[in-house]
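Hi,

Here is the structure I said I'd pass on to you. Have a look around in the viewer before you read my notes, and then go through them with the model open.

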Amino acid sequence: MDPQDHERFRDFVDARWSALLRLANLLTGGDRHEAKDLVQTALMKALGRWRHIEDPEGYVRKVMYRHQISRWRLRRPHREATFAAPPESFGVADGTSAADLRITVGQALTRLTSRQRTVLVLRYFEDLSETEVAAALACSVGTVRSTTHRSLARLRRLAPELGATKQTTTTPNSMSLKGART
């Protein structure tokens, strides 16, 4: 790798590290160590092909998705995480309701299987279409639809307080299950 390519790679990592780490954190269910490993693995794979990559961020994200799929297949049976009871109300006007919602969504996502979590993250946090999710996960659109449906149903069972929120928009920082399409 010539010095110019090395400098471009370093600039890319400096600029996109936090965004990639946030995505990895969602994909791994909040495990920061696994998230860092996932980002580093994807960046190492990108480094080897850096000269040939036209869209570095897209390439790194796709490597992260596919590497996470490989982890599902190799992983032991899913173990359920336990958490304290979520807050009773999201209607507090002091600005903490958005933070409470993010915490509750994060905790609920960790209770899903890796596959369910990844499909929901790609679909609603990354805002990819069903076709794009299917391409990223190398499966059919029907599989994405059925997995999304089952994942949302399970998420509603695990965290019914999410369905009771008043928000109707779906953004990377807040997700309303009422606004989510099944």
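Below is what turned up, going from the whole chain down to single residues.

One thing to keep in mind from the start: this is a predicted model.

**The whole chain**

What kinds of secondary structure does the chain contain? The count comes to 8 helices and 0 strands. If you walk along from the N terminus, the elements read α-α-α-α-α-α-α-α. The chain has 182 residues, and 40% of them count as buried. Its accessible surface comes to about 10,400 Å², and carbon and sulfur atoms hold 52% of that. Now for the contacts: take those in the chain with a separation of 6 or more, and 64% of them are between residues 24 or more positions apart.

**The core**

How many residues are in the largest nonpolar core? It has 42, and L43, V60 and M64 are the ones with the most contacts inside it. The biggest giver is α1, with 8 residues.

Leaving out residues up to four places away in sequence, L43 touches F9, F12, V13, W17, L20 and V60. Keep F9 and F12 in mind, as both come back in the next part.

**The aromatic rings**

Searching the whole structure gives 2 aromatic pairs. One of them is F9 with W50, an edge-to-face pair with 5.0 Å centre to centre and 85° between the planes. Why does this pair tie together separate parts of the chain? F9 sits in helix α1 while W50 is in the loop between α2 and α3, so the pair joins parts that are 41 residues apart in sequence. Are these two residues buried or exposed? F9 counts as buried because its relative accessibility is 11%, and W50 is buried too, at 3%.

There is also a pair between F12 and W50. Their ring centres are 5.6 Å apart and their planes meet at 45°, so this pair is tilted. F12 lies in helix α1 and W50 in the loop between α2 and α3, so here the pair ties together parts that are 38 residues apart in sequence. F12 is buried, with a relative accessible area of 11%. Put together, ring pairs link F9, F12 and W50 into a cluster.

R123 lies over the face of Y124, at 5.5 Å from the ring centre.

Which residues of α6 are buried? They are V133, A134, A136 and L137. Looking down the axis of α6, you'll see its buried residues fall within an arc of 165°, so they line one face of the helix.

Just after α6 comes A138, which takes a positive phi of about 55° although it is not a glycine. A138 belongs to the loop between α6 and α7. Its relative accessible area is 63%, so A138 is exposed.

Then look at D127, in the loop between α5 and α6. The phi of D127 is near 60°, again a positive value in a residue other than glycine. D127 counts as exposed because its relative accessibility is 64%, and the cut-off for exposed is over 50%.

Last stop: T147, which lies in helix α7 (residues 141-158). Is T147 buried or exposed? Its relative accessibility is 6%, so T147 counts as buried; the cut-off for that is under 20%. And what does T147 touch, not counting residues up to four places away in sequence? The answer is R115, Q116 and V119.

- L43, one of the residues with the most contacts inside the largest nonpolar core
- W50, linked with F9 and F12 into a cluster by ring pairs
- α6, with its buried residues along one face
- A138, in the loop between α6 and α7
- T147, in helix α7

Technical notes
Residues numbered from 1 in each chain as written. Predicted model: local features only at pLDDT ≥ 70, side-chain atom pairs only at ≥ 80, totals over all residues. Heavy atoms only, no water. Helix = DSSP H or I, 4+ residues; strand = E, 2+ residues; numbered from the N terminus. Buried < 20%, exposed > 50% of the residue type's maximum accessible area, 1.4 Å probe, protein only. Contact = heavy atoms within 4.5 Å. Core = buried A, V, L, I, M, F, W, Y, C linked by side-chain atoms within 4.5 Å. Arc of directions from axis to C-beta. Phe/Tyr/Trp six-rings, centres within 6.5 Å; stacked < 30°, edge-to-face > 60°. Lys NZ or Arg CZ within 6 Å of the ring centre and 35° of its normal. Areas by Shrake-Rupley, 256 points an atom, 1.4 Å probe, with all protein chains shown as cover.
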